[in-house]
Amino acid sequence: MAARVVLVFFVVGASYRQDFRAYPSCGGDYELVRTNRGAEAGVFVASALLGVYILTVAVASSSAVANVA
């Protein structure tokens with residue numbers, strides 16, 4: 001199982017390397033999708049990323065409060 005996790009890690013890393021070479025302005029997933037799939041798909045990805053960031057902050061904040069308490 002650990003070997004599969006490491007394999008997935010390297011595959012994702014190689015994929016991101018290709019993205020960075022193709023889009024050197026570092027716009028991330030939003031730029032990649034907007035350029036290849038259009039503005040509507042780009043807005044969908046941007047809203048999904050915003051949701052993930054909000055949930056990350058919420059989980060980190062609740063974890064910090066739980067640890068302090």
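Biologist: Hi! Are α2 and α3 roughly parallel or roughly antiparallel to each other?
Modeller: Roughly antiparallel; that label applies over 145 degrees, while under 35 is roughly parallel, 65 to 115 roughly perpendicular and the rest oblique. Helices here are DSSP runs of H or I with at least four residues, numbered from the N terminus. This is a predicted model, with pLDDT of at least 70 needed for local features and 80 or more for side-chain atom pairs, though totals for chains, interfaces and linings use all residues. Numbering starts from 1 along each chain as its sequence is written, and side-chain values use heavy atoms, without hydrogens or water.

Biologist: At what angle do the axes of α2 and α3 cross?
Modeller: Roughly 160 degrees, with the axes coming within 7 Å. Axes are lines fitted to C-alpha atoms, for helices over the stretch in contact, and angles between N-to-C directions run from 0 to 180 degrees.

Biologist: Which residues of α2 make the contact?
Modeller: D29, Y30, V33, R34 and R37; contact means heavy atoms within 4.5 Å. Their partners on α3 include V43, A46 and L49.

Biologist: Is Y30 exposed or only partly exposed?
Modeller: Partly exposed, because its relative accessibility is 33%; buried is under 20% and exposed over 50%, with a 1.4 Å probe and protein chains only.

Terms used
Helix = DSSP H or I, 4+ residues; strand = E, 2+ residues; numbered from the N terminus.
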